[in-house]
Amino acid sequence: IRDAVLAFLLFCALSGAIYLVNDVSDAERDRIHSKKRRRPVASGLLPQSVALGAATVIIGVSLALSFLLRTDFGWVALSYTALMIAYSLLLKRLVILDAFAIGSGFVLRAVAGAAVLGVPISPWLYTCAGLGALVIALGKRRSELVAAGETAGEQRDSLRGYSLKLIDQLTYAVVPGTLVAYILYTFTADNMP
């Protein structure tokens, strides 16, 4: 229980630090958004240098503690951090890859849980977590596209390449795939006594 709680806290710290990096990366675009412009970095309440400095320290300490907790967990935490920073700096601008990056982040969180406990993880769990997260990411992009309307591309680069039709078609493929994967997972899982 102690290791699981520590791992949870470390991933919370990493996620928070990565949000700071993302907010600095998005500050200019957030300033033109009706709600996001109130965020501390976009509004100027939190200077970008302070946000990046805090993120660097939090990431450094969290990764060091992750490796001390359990080496396998540390590698997963490092992979998650690298992926999410790549998302903040580049991948969020690329159509479809942005949604896959979000989904991969959730898969790495599930892998981290297994790594810190030293237990094997089912390939079905990877599949269900990844597909489920992809459904959420596509839903988020759809919601952003509808809310932003004609200014969607100004608020997020990847929205220029999305259309409601494309997102709906992807969703129509991913949702049934998620359901089938979950059903197969439950039918093939070891029976509990």
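Which helices do the buried residues of helix 4 pack against? They pack against helix 1 (2-30), helix 3, helix 5 and helix 6 (123-148). The rest of this text builds up the picture around that helix. Keep in mind that the model is predicted.

Start with the whole chain. The protein chain has eight helices and zero strands. Read along the sequence, its pattern is α-α-α-α-α-α-α-α. Along the principal axes, the C-alpha atoms fill a box of roughly 55 × 40 × 20 Å. Of the 193 residues, 37% are buried. Take the contacts in the chain with a separation of 6 or more: 66% of them join residues 24 or more positions apart.

Now look at helix 4 itself. At 1.5 Å a residue, its 19 residues should span 27 Å, and its end C-alpha atoms are 27 Å apart, which agrees. Its buried residues are Phe73, Gly74, Val76, Ala77, Tyr80, Thr81, Leu83, Met84, Tyr87 and Ser88. An α-helix has 3.6 residues a turn, so residues three or four places apart point the same way. Look for that spacing as you read through the list.

The axes of helix 3 (residues 48-69) and helix 4 come within 5 Å and cross at roughly 150 degrees. Angles over 145 degrees count as roughly antiparallel, and helix 3 and helix 4 are therefore roughly antiparallel to each other. Helix 3 brings Ile59, Leu63, Ser66, Phe67 and Leu69 to the contact. Helix 4 brings Thr71, Phe73, Gly74, Trp75, Ala77, Leu78, Thr81 and Ile85. By class, this contact has nine nonpolar, four polar and no charged residues.

Next, follow the chain out of helix 4. The loop between helix 4 (71-89) and helix 5 (97-117) holds Lys92. Is Lys92 buried or exposed? Lys92 counts as buried because its relative accessibility is 4%, and the cut-off for buried is under 20%. The side chain of Lys92 makes a polar contact of 2.7 Å with the side chain of Asn22. Beyond residues up to four places away in sequence, Lys92 touches Asn22, Ser25, Asp26, Tyr87, Asp98, Arg156 and Ser158. Tyr87, one of these, is also among the buried residues of helix 4.

Ile96 is found in the loop between helix 4 and helix 5 as well. Its backbone stands out: Ile96 has a positive phi of about 70 degrees although it is not a glycine. With 29% relative accessibility, Ile96 counts as partly exposed.

Helix 2 (residues 40-43) contains Ala42. Ala42 is buried, with a relative accessible area of 5%. Leaving aside neighbours within four places in sequence, Ala42 is in contact with Ala27, Asp30, Arg31, Lys36 and Arg37. The C-alpha atoms of Ala42 and Thr188 are 48 Å apart, and the two residues are 146 residues apart along the chain.

In helix 8, Ile167, Asp168, Val174, Thr178 and Ala181 are buried. The buried residues of helix 8 pack against helix 6. Helix 6 is also one of the helices that the buried residues of helix 4 pack against.

Technical notes: Residues are numbered from 1 along each chain as its sequence is written. This is a predicted model: local features need pLDDT of at least 70, side-chain atom pairs count only at pLDDT 80 or more; totals for chains, interfaces and linings use all residues. Side-chain values use heavy atoms; hydrogens and water are left out. Helices (H or I, at least four residues) and strands (E, at least two) are DSSP runs, numbered from the N terminus. Buried means under 20% relative accessible area, exposed over 50%, partly exposed in between (1.4 Å probe, protein chains only). A polar contact is a pair of N or O atoms within 3.5 Å; within protein, one must be able to donate a hydrogen and the other to accept it, and residues adjacent in sequence count only if both atoms are side-chain atoms. Contact means heavy atoms within 4.5 Å. Axes are lines fitted to C-alpha atoms, for helices over the stretch in contact, and angles run from 0 to 180 degrees between N-to-C directions. Angles under 35 degrees count as roughly parallel, over 145 as roughly antiparallel, 65 to 115 as roughly perpendicular and the rest as oblique. Ala, Val, Leu, Ile, Met, Phe, Trp, Tyr, Cys and Pro count as nonpolar, Asp, Glu, Lys and Arg as charged, and the others, Gly among them, as polar. The expected span of a helix is 1.5 Å times one less than its number of residues.
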